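Thank you all for coming. I would like to take a few minutes to go through one protein model with you, beginning with the overall fold and then turning to some individual residues.

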Amino acid sequence: MPSYEELSRLLDPATTALLTVECQQGVVGRESALPELAEEARASGALANVARLVAAAHAAGVQVLHAVAERRPDGRGANRNAPLFQAVGKLPVRQVSGTSAVRIAPPIEVADEDFVVRRLHGLSPLAGTGVDALLRNTGCRTLVVTGVSANVAVPNAVFDAVNLGYTAVVPADAIAGLPSTYTPAMVRHTLALVATVTSAKEVLAVWRRPRRPAPA
């Protein structure tokens, strides 16, 4: 784990953004299309930790973005070139634009100043979604990545952030995937090679501590 001083430098609210990945009702909510993933997100504490990080980010003035995966009712523009996409199209709960399935799931609260970025295609919350431009226009240099799943979308977000020149920070207890043993393995053997791995508690400690005023 990085030291408090290192995290403080990385997580300056003026140059940091918090990204929640697919923390929507149809994925991690009570009526999820993926009930095992939703249960893991709740049972592991990851969803609660995401909510705590979002609340702390709001209080500290950190920009928050919520990345939502959805489809048009007719499926137009959606990918069909991988088994995952084909399986998603057959699920009983579909992530259709405008439905409750694509609303941010409790206990996460969305503030007026948050960005909710919706994608109709692909696997990445960043590629082809406009998130990169939003981050650059808000002065972001560090991106804190949270949410689901550790199998696909979260590593996609981390890799894309690093490729675009951002420093990625991953609170390991604020992401979830299946099976439960996979997430720590992904963090240790893959994400730790490209991102700063920490915990929700450590990030909260930085954002909740009063900052010294800049020298005159």
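Predicted model: local features only at pLDDT ≥ 70, side-chain atom pairs only at ≥ 80, totals over all residues.

Residues are numbered from 1 along each chain as its sequence is written, and side-chain values use heavy atoms, with hydrogens and water left out.

Let me start with the fold as a whole. The protein has nine helices and seven strands, where helices (H or I, at least four residues) and strands (E, at least two) are DSSP runs numbered from the N terminus. Its radius of gyration is 17 Å, close to the 17 Å that the globule rule gives for 216 residues, so the protein is as compact as a globular protein of that length; here the radius is taken over C-alpha atoms, and the rule is 2.2 Å times the number of residues to the power 0.38. The C-alpha trace spans about 60 × 35 × 30 Å along its principal axes.

Of the 216 residues, 49% count as buried, and by buried I mean under 20% relative accessible area, with exposed being over 50% and partly exposed in between, for a 1.4 Å probe and protein chains only. If we take contacts with a separation of 6 or more, 80% of them are between residues 24 or more positions apart, a contact meaning heavy atoms within 4.5 Å.

Which residues have the most contacts inside the largest nonpolar core? They are L11, L18, V28, L53, I108, V148 and W207, in a core of 33 residues; such a core is a set of buried Ala, Val, Leu, Ile, Met, Phe, Trp, Tyr and Cys residues joined through side-chain atoms within 4.5 Å. The elements giving two or more residues to this core are α2 (25-28), α3 (35-43), α4 (46-60), β2 (63-69), β4 (142-148) and α9 (200-208), and α4 gives the most, with eight residues. A second, separate core has 27 residues, including V117, V158, Y166 and A195. Returning to W207, and leaving aside its neighbours within four places in sequence, we find this residue in contact with L11, P13, T16, L18, L53, A56, A57, A60, V62 and V144.

Beyond its neighbours within four places in sequence, G147 is in contact with V21, C23, V50, V154, A174, I175 and A176. The peptide bond from V148 to S149 is cis, with omega near -10°, and S149 is found in the loop between β4 and α7 (153-163). That loop is also the place of V152, which counts as partly exposed at 26% relative accessibility. Neighbours within four places in sequence aside, V152 is in contact with L84 and L123, while its C-alpha atom and that of G177, 25 residues away along the chain, are separated by 8.6 Å.

Just after α7, G165 takes a positive phi of about 100°.

Where else is there a cis peptide bond? One joins L178 and P179, with omega about -10°, and P179 has its place in the loop between β6 (175-176) and α8 (182-194).

Two further loop residues deserve a look on the screen. E22, in the loop between β1 (16-21) and α2, has a phi near 50°, a positive value in a residue other than glycine, and this residue counts as buried at 13% relative accessibility. N81, in the loop between β2 and α5 (83-88), counts as exposed at 60% relative accessibility. Between N81 and G122 there are 41 residues in sequence and 9.6 Å in space, C-alpha to C-alpha.
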